[in-house]
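Subject: A structure for you to explore

Hi,

Here is the structure I promised to pass on to you.

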Amino acid sequence: MPEPLNEAEHDAYWRPLGQLLVQRGLLRADELEAALDEQERTGGRLGEILLRQGLLSKLALASSLHEQSLGQEPEGGFGSGLRSALIEAESHQREPVDAGPEVEGGFGSGLRDALARQDED
């Protein structure tokens with residue numbers, strides 16, 4: 001686990017929420033501009049405006065706010081961007097998916113059941 005950043009390092013990497021969302025690929029620049037215009041008119045919170053407009057999921061907002069609060073250097077290296085891609089895919093999902101009850105946990109959880117269902121077919 002990386003060491004926490006000191007205040008100067010945190011400030012160096014901190015980004016406004018809208019900029020972070022665009023950099024993560026969760027929002028287009030034109031969508032951000034429209035939301036910022038509404039924010040200026042109404043005085044609301046940017047995240048709430050984006051949720052109301054259906055441009056962002058609660059998961060994507062929470063993850064982005066968490067990343068923003070950490071003020072960490074943007075992801076890099078193997079697998080960088082995977083979290084953003086998964087969140088983006090989740091945010092574009094129209095209907096919730098019922099994964100059923102979660103019995104197992106950890107890496108590969110559910111694999112045994114999936115293989116058993118495949119054998120049944």
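Let me begin with the salt bridges: the count comes to five in this model, which is a predicted one. I will walk you through three of them, starting with the pair formed by the side chains of Glu 67 and Arg 15, where N and O are 3.2 Å apart.

Glu 67 has another partner to look for. A salt bridge joins Glu 67 to Arg 24, with 3.3 Å between the closest N and O atoms. Here again distant parts of the chain are linked: Glu 67 belongs to helix H5 and Arg 24 to the loop between H2 and H3, 43 residues apart. Both Glu 67 and Arg 24 are buried. Their side chains also make a polar contact, at 3.3 Å. Put together, Arg 15, Arg 24 and Glu 67 are linked in a network of salt bridges.

Now try finding Glu 38 and Arg 52, whose side chains meet in a salt bridge with an N to O distance of 2.9 Å. Glu 38 lies in helix H3 and Arg 52 in helix H4, so this pair ties together parts that are 14 residues apart in sequence. How do the two ends compare, buried or exposed? Glu 38 is buried, with a relative accessible area of 15%, whereas Arg 52 is exposed, with 58%.

Next, the nonpolar side of things. Which residues make up the largest nonpolar core? This core has twelve residues: Leu 17, Leu 21, Leu 26, Leu 27, Leu 32, Ala 35, Leu 46, Ile 49, Leu 50, Leu 56, Ala 60 and Leu 61. At least two residues of the core come from each of helix H2 (17-23), helix H3 (29-42), helix H4 (46-52) and helix H5 (58-70). The largest share, three residues, is supplied by H4.

If you leave aside its neighbours within four places in sequence, Leu 17 is in contact with Leu 46, Gly 47, Leu 61, Ser 64, Leu 65 and Gln 68.

Finally, zoom out to the protein chain as a whole. What does its secondary structure come to? There are seven helices and zero strands, and from the N terminus on the elements run α-α-α-α-α-α-α. Of the 121 residues in the chain, 23% are buried. Among contacts between residues at least 6 apart in sequence, 61% join residues at least 24 apart. The chain exposes about 9200 Å², and carbon and sulfur atoms supply 53% of that area.

If you want one spot to start from, pick Glu 67 in helix H5 and follow its salt bridges to Arg 15 and Arg 24.

Best wishes

Notes
Residues numbered from 1 in each chain as written. Predicted model: local features only at pLDDT ≥ 70, side-chain atom pairs only at ≥ 80, totals over all residues. Heavy atoms only, no water. Core = buried A, V, L, I, M, F, W, Y, C linked by side-chain atoms within 4.5 Å. Buried < 20%, exposed > 50% of the residue type's maximum accessible area, 1.4 Å probe, protein only. Helix = DSSP H or I, 4+ residues; strand = E, 2+ residues; numbered from the N terminus. Contact = heavy atoms within 4.5 Å. Salt bridge = Lys/Arg side-chain N within 4 Å of Asp/Glu carboxyl O. Areas by Shrake-Rupley, 256 points an atom, 1.4 Å probe, with all protein chains shown as cover. Polar contact = N/O pair within 3.5 Å; in protein donor to acceptor, adjacent residues only side chain to side chain.
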